[in-house]
Amino acid sequence: MPNINHIKFIIMQEYQKEITPLADDDLFIVLNHPNAKFDYPVHYHSDYEINLVLNDEGTRIVGDSEESFTSLDLVMIAPNIPHAWKGTRAEGNHVVTIQFSENLLNFPILDKRLFASIKQLLIESRRGLTFSDDTKRLISDKILRLTRLQGFHTVLDFLAILYDLSIANKQILMSNFYDSNEIMASSKSRRITKVCEYIEENFQEQIKLSDVAQLVNMSDSAFSHFFKKKTGCSFIDYLNSVRIGKASKMLFDTTHSINEICYSCGFNNLSNFIRIFKKIKGSTPSEYRSKLQQILIKY
């Protein structure tokens with residue numbers, strides 16, 4: 001089975017980083033998606049996720065686990081675990097995803113005795129969790145109910161879901177237990193970290209490979225080779241990925257036009273922006289925004 005270093009390699013080299021629609025002032029969000037296409041590649045993000053899949057079958061990837069699922073599937077994962085579902089039905093299925101911040105584990109209320117089992121659940125989810133058929137049926141009803149609710153009482157339902165999962169029989173999916181933040185930090189060299197921080201702070205501006213190479217005291221060709229070896233992708237592909245991630249967030253966080261978002265994220269050509277966005281996300285920016293508006297519920 002893959003060891004922890006293999007998982008580090010996989011995260012950096014093969015899987016797409018996703019920026020979720022979760023905003024700083026959201027306690028959690030729900031993505032309610034009937035007739036899901038399962039066209040999103042294996043990806044990871046910095047939030048916890050509970051994923052419910054109804055009326056479908058196929059293959060589920062969570063970290064180093066790859067298993068088949070049928071009819072009713074329920075999984076909880078911690079931040080930065082690669083995951084994807086590949087279903088076989090084009091219509092008639094239903095996917096509901098709950099996402100909530102990695103900071104929940106640090107909320108003071110989780111140090112209280114009544115929340116001890118929920119805190120343990122968050123820790124155990126670092127290996128990916130699935131549940132018994134009885135729990136799946138119980139929680140699926142509660143998750144579907146959550147998609148129909150609004151207001152403060154949704155918080156109580158959300159906490160009840162976490163509590164029910166915390167006391168249920170669980171099955172661990174991944175062979176390795178790891179601290180996702182440690183993996184993400186340790187998988188980058190000092191120079192790569194410096195480059196990534198520079199891109200994060202300056203993605204709106206014109207960024208040349210030569211400027212970044214100079215930042216870490218390397219020639220252009222040496223840096224290009226070094227970056228590809230360490231990250232598994234070219235410098236320009238990484239830069240585009242960061243910019244598309246920022247654009248995705250603006251598409252669901254703002255009402256800015258596609259043109260405004262294009263230039264705000266460092267692209268200097270609208271058609272090029274749309275082409276790259278579709279290559280990475282599988283849809284045009286306007287299609288992506290429209291789809292999110294249909295399935296996203298914020299709390």
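Reader: Helices (H or I, at least four residues) and strands (E, at least two) are DSSP runs, numbered from the N terminus. Which one gives the most to the lining of the second largest pocket?

Author: That is α12, with six residues. This is a predicted model, where local features need pLDDT of at least 70 and side-chain atom pairs 80 or more, while totals for chains, interfaces and linings use all residues. Residues count from 1 along each chain as its sequence is written, and side-chain values use heavy atoms, without hydrogens or water.

Reader: What is a pocket here?

Author: An open set of points on a 1 Å grid over the protein atoms alone, where a 1.4 Å probe fits, with protein on both sides within 12 Å along at least five of seven lines; lining residues have an atom within 4 Å of a point.

Reader: How many residues line this one, and which lie nearest its centre?

Author: There are 29, and His 33, Asp 39, Tyr 40, Lys 291 and Ile 295 lie nearest the centre. Elements giving two or more residues to this lining include β2 (28-34), β4 (47-62) and α12 (285-295).

Reader: Changing topic: how do α3 and α4 cross?

Author: The axes of α3 (residues 133-146) and α4 (residues 153-166) come within 10 Å and cross at roughly 165 degrees. Therefore α3 is roughly antiparallel to α4 (the cut-off is over 145 degrees; under 35 is roughly parallel, 65 to 115 roughly perpendicular, the rest oblique). Axes are lines fitted to C-alpha atoms, over the stretch in contact, with angles from 0 to 180 degrees between N-to-C directions.

Reader: Which residues of α3 meet α4?

Author: Among them are Leu 138, Ile 139 and Lys 142 of α3, and the α4 side includes Phe 158 and Ile 161 (contact means heavy atoms within 4.5 Å).
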